[in-house]
Protein chains: 2
Amino acid sequence: MTKVQHPISNYQCVSCGTEYEIEPFRYQCDCGENLDYIYNYNLIKRSWSKQTLAENPDRSHWRYLPLLPVQNVPENRSLQVGGTPLISFPEIANEFQIANFYIKDDTRNPSGSLKDRASDIGIQHATELGEETIVAASTGNAAASLAALSAFYGKKAVIIAPASAPKAKLTQILQYGATLILVKGSYDDAFDLSKKVVEKYGWYSRSTGINPVLSEGKKTVALEIAEQLNWKVPDKVFVPVGDGCIIGGVYKGFYDLLQLGWTSRIPKIIAVQAEDSAAIVTALMHDRSIEPVKAKTIADSISVDMPRDGMKAIRAVRKSGGFGVTVTDDEILSAQKDLASSSGIFAEPAASATYAGFLIALNDGKVKKSDEIVILITGSGLKDIPAAQKKISIPDPITPDLDHFKEAIYFIS
Amino acid sequence: MTKVQHPISNYQCVSCGTEYEIEPFRYQCDCGENLDYIYNYNLIKRSWSKQTLAENPDRSHWRYLPLLPVQNVPENRSLQVGGTPLISFPEIANEFQIANFYIKDDTRNPSGSLKDRASDIGIQHATELGEETIVAASTGNAAASLAALSAFYGKKAVIIAPASAPKAKLTQILQYGATLILVKGSYDDAFDLSKKVVEKYGWYSRSTGINPVLSEGKKTVALEIAEQLNWKVPDKVFVPVGDGCIIGGVYKGFYDLLQLGWTSRIPKIIAVQAEDSAAIVTALMHDRSIEPVKAKTIADSISVDMPRDGMKAIRAVRKSGGFGVTVTDDEILSAQKDLASSSGIFAEPAASATYAGFLIALNDGKVKKSDEIVILITGSGLKDIPAAQKKISIPDPITPDLDHFKEAIYFIS
C-alpha cells in the first residue's frame with residue numbers, strides 16, 4: 001500500500017534541528033525550543049499555482065490553504081480575516097526619495113489587529129484536533145483576537161493578561177464573552193502561567209512561542225503582500241517585534257513563496273523594537289544570543305522581557321539580510337501622529353513603531369533610493385486612546401457663533 | 001450639435017419636487033429642503049452591466065462609479081473604502097427561526113465607520129469642483145472619517161463637533177491632523193454653525209443633510225449588499241437612524257438597482273432609533289411631519305434633536321414598506337454585548353441599536369420565519385470604550401499561579 005503523501009512533511013526544531021513526524025501534533029521540541037512546519041513544496045505545486053490562486057474568489061487569508069497547517073477551510077463561515085489593503089503612498093515615497101512606499105493596513109482585520117490571522121488558523125487547528133477550550137497569554141491584541149474569533153466560531157476562550165493591558169483591549173475581550181484572568185505582573189508572568197494551565201488542563205494553547213501554528217497563521221500577511229505586488233516582492237519590510245512571532249511568520253511566508261518558485265527572492269526584513277524592550281535587536285547588534293530585559297515601553301503590544309519566538313525573529317533578520325532598529329517611546333508617539341496625518345491610517349503605538357523605525361533607518365542611510373518599502377501596521381490606534389492623546393490636545397469648546405469660530409481657527413487671518 | 005448626455009439628468013427636491021439642472025452644483029432646494037440626484041438609468045445601462053461589474057477587480061466602493069455623482073475614480077489611490085464583508089450567521093438565524101441572518105460589517109472601513117463611504121465620495125466631488133478645504137459638523141464618526149480621508153487625499157478638514165463627542169473620536173480627528181472646533185452645545189448647534197461657516201468662507205460642506213452627495217456615497221453599502229447576495233436582495237434591512245442620511249442612502253442604493261433592472265424589489269427598510277432621540281420614528285408612528293426632540297442617548301452617533309435628512313428617512317421606510325423601532329439605552333448596551341459574544345463583531349452603541357431593534361421587531365411579531373435579515377453595523381465598538389464598559393466588569397488581578405487561577409476561573413469545578 002502506498003502511503004498518502006502529506007503537504008507537510010514534518011516539524012523541525014529552529015534551534016537543534018531535530019525533526020518530528022507531523023502526527024501527533026506537538027507544540028515544541030524536546031530541547032524546549034520552537035518548531036517549524038516543513039512543507040512538501042513539490043507536492044503543493046502539483047495542485048496549486050498562481051493561476052488557480054488567482055481564480056479563487058475567497059478574498060480572506062483562507063485562499064492560501066495549501067500553505068496552511070490545517071486540513072480544511074472552516075465550514076460555511078468566515079469572519080473575513082486577512083485580505084487587508086496594501087496601500088501605495090507616492091507622496092511619501094517622493095518626500096523621502098525612494099522608489100515606493102506601501103502600508104499593509106492590518107488594522108482592518110475583524111478585531112483590529114494582525115493577530116486575527118493567527119487566531120483564525122489556530123482555532124481551525126484546534127477544531128480539527130477536537131479541542132473546544134483555547135487559552136492564550138497576551139499583552140492584549142492576541143487576546144482580543146482570540147476572544148473575537150472564539151465568539152465567531154463558538155469556542156471557549158480563556159485569556160491570561162497582565163493587569164496593565166490597555167482598557168480598550170480588556171473591554172474587547174469581555175465584550176466578546178471570553179473568560180479573562182488578569183495577573184499581577186508582566187506579560188512574561190501571564191505567559192508562564194498560561195503554559196502551566198495548558199499542561200494542567202490540556203486545553204489548546206494559542207500562546208505565541210509555544211504553538212508553531214501561530215507563525216504559520218501570521219505568515220499569510222507576507223503571502224498577501226507578495227500577491228498584491230503581483231509576486232514582485234518589495235526590497236525591505238519593516239515589522240514591529242515583541243515576542244518575534246509576527247516577524248518569524250513574515251519570513252516564513254516569503255520563504256514558502258521562494259520555495260514554490262513564485263517569487264525570486266526574500267525581502268530584507270527589518271525588526272523594529274522599542275528601545276527599552278529590545279532583547280532581539282540587542283542580540284542582533286552584538287551578534288550574541290538573546291538575553292532577557294526589563295521591558296518598559298508605551299507600545300504595550302511589543303513590551304516583552306524574554307521573546308518567546310526569538311530564534312525565529314533572529315533567523316528572519318539574518319537570513320533575509322535585514323537589520324534591527326530601536327525606537328524611543330517619544331519617536332513612536334511622534335511617528336503615530338505623522339503617520340495618521342500623512343496617510344489617514346491611525347495605528348497603535350506598537351504598529352507606529354515601524355514608521356518610526358523606517359525614519360531612523362532612512363536617516364542612518366540604510367534605505368536606498370531604489371527601495372520599495374513596506375511597513376506593517378499591525379494594530380488600530382483605537383485600541384489605546386490614552387497613548388494617542390499624548391501628542392495631541394483637545395481644544396476648549398467655543399460658543400457656537402461665527403465670531404468665536406474666527407477666533408478659534410488659526411489659519412484664517 | 002448633439003448635446004452630450006450626462007448619466008445624471010438633474011436634481012430633484014425630496015419635498016416640493018422642484019427640478020434643477022445638474023450644473024452648477026447646488027446643496028439644497030430653494031425651499032430649504034434636500035435634493036436627490038436623478039440618474040439616467042437607460043444611459044447607464046448602455047455601458048454598464050452586472051457582467052462588466054463582475055469583471056472589475058476594484059474591491060472598494062469605487063467599483064460602482066457609474067452610479068456615483070462624480071466623474072472619475074480618484075487618480076492612482078484608494079484607501080479601500082467599502083468592500084466590507086457581509087457575514088452570514090446560521091446559528092443566529094437558527095436561534096430565532098428565520099431563514100437567514102447577515103451582518104454587514106462596516107466597522108472594517110479605514111476610520112472604523114460607514115461614514116467613510118460618504119467622505120470618500122464627497123472629497124472626490126470637492127476635488128472635481130476645485131475645493132481644497134472641507135468643513136463638517138458631526139457627532140464624531142463623520143468627522144473622524146472626513147479627517148482620515150482628508151489626510152489621505154491631502155485636503156484641509158475643518159471639523160465642528162459638540163464638546164460631548166467621545167474622546168476616541170476626538171483623538172482620531174486630531175491624530176489625522178484635522179482642525180477641530182468644539183462647541184458648547186449639541187450636535188445641532190455644531191450643525192448650525194457649520195452652515196454659517198460654509199456660507200461665509202465658501203468651503204465645501206461635508207455636513208449631512210445639506211450636501212446631496214453624501215447619501216449617494218452612503219448608498220454604496222446597499223449596492224454591496226445586493227451584489228454580495230448575487231442580486232437577490234434580503235427581506236428586511238435594519239438601519240440605525242440619527243439624521244437619516246444613512247437610511248436615505250440605503251433606500252437610494254436599492255432604488256437605483258431596481259431601476260437598472262438588476263434586482264426585483266426593494267427590501268423593507270427598518271429605522272432604528274434610540275427611544276429618547278426618536279424624531280423620525282415618532283413621525284412615522286403618528287403619520288405626521290418630523291418635530292424636533294431633546295435628544296438624550298448613549299448612542300452618540302444617532303443622538304440628534306432635529307434630523308437633517310428626515311424627509312429621505314421617512315421616504316425610505318414608507319416607500320419600502322418598512323417600519324420604525326425605538327430602543328432604550330439599556331437595550332442598546334445589552335445588544336452590544338450579546339452581538340459581540342455571539343458574532344465576534346464589536347459594534348459601537350449606535351450600531352448595536354440595529355441588533356436591539358431586530359430583537360424587538362422579532363418579539364413584536366414583525367419578523368417572519370421566511371425572512372432574510374441584514375443588520376447594518378455602522379461603527380466600531382473601539383470608538384467608545386467607556387460606553388462598552390457599562391455592561392462588563394474588569395476582574396481583579398490575581399497572583400500568577402495555578403492555585404489562584406483555579407480560584408478565579410468559574411467553570412472549573
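Chain A falls into domain 1 (1-47), domain 2 (86-111 + 214-391) and domain 3 (113-212), with bounds that come from an automatic or database domain assignment. This is a predicted model, in which local features need pLDDT of at least 70 and side-chain atom pairs count only at pLDDT 80 or more, while totals for chains, interfaces and linings use all residues. Residues are numbered from 1 along each chain as its sequence is written, and chains are lettered from A and ligands numbered from 1 in the order in which they are written.

Between domain 2 and domain 3 of chain A, the C-alpha centres lie 23 Å apart, and 29 residues of domain 2 of chain A are in contact with 28 residues of domain 3 of chain A (contact requires C-beta atoms, placed from the backbone, within 7 Å). On the domain 2 side, helix H8 (212-218), helix H9 (220-228) and helix H10 (245-260) of chain A each supply at least two residues, and H8(A) gives the largest share, five residues; helices (H or I, at least four residues) and strands (E, at least two) are DSSP runs numbered from the N terminus.

Chain B can be laid on chain A by a turn of 180° and a shift of 0.0 Å along the axis, with an RMSD of 0.0 Å, after least-squares superposition on the C-alpha atoms of residues with pLDDT of at least 70 in both. That is the relation of a two-fold axis. The same surface serves both copies, since 100% of the contact residues of chain B recur in chain A. The contact takes 66 residues from each of chain B and chain A, and the elements of chain B that each supply at least two residues include helix H5 (141-153), strand S8 (179-183) and helix H13 (329-343).

Six of the six residues of strand S13 (residues 372-377) of chain A are buried, so S13(A) is largely enclosed by the rest of the structure (buried means 20 or more other C-beta atoms within 10 Å of a residue's own, with C-beta atoms placed from the backbone). A:Glu372, A:Val374 and A:Leu376 point one way from S13(A), and A:Ile373, A:Ile375 and A:Ile377 the other way. Strand S5 (residues 100-105) of chain A pairs with S13(A) in the parallel sense over six bridges (pairing needs at least two DSSP bridges), and A:Lys104 stands opposite A:Leu376. Strand S10 (residues 236-240) of chain A also runs parallel to S13(A), joined by three bridges, with A:Lys236 as the bridge partner of A:Ile373.

Notes
Two residues are in contact if their C-beta atoms, placed from the backbone, lie within 7 Å. A residue is buried if 20 or more other C-beta atoms lie within 10 Å of its own, exposed if 12 or fewer, and partly exposed in between; C-beta atoms are placed from the backbone.
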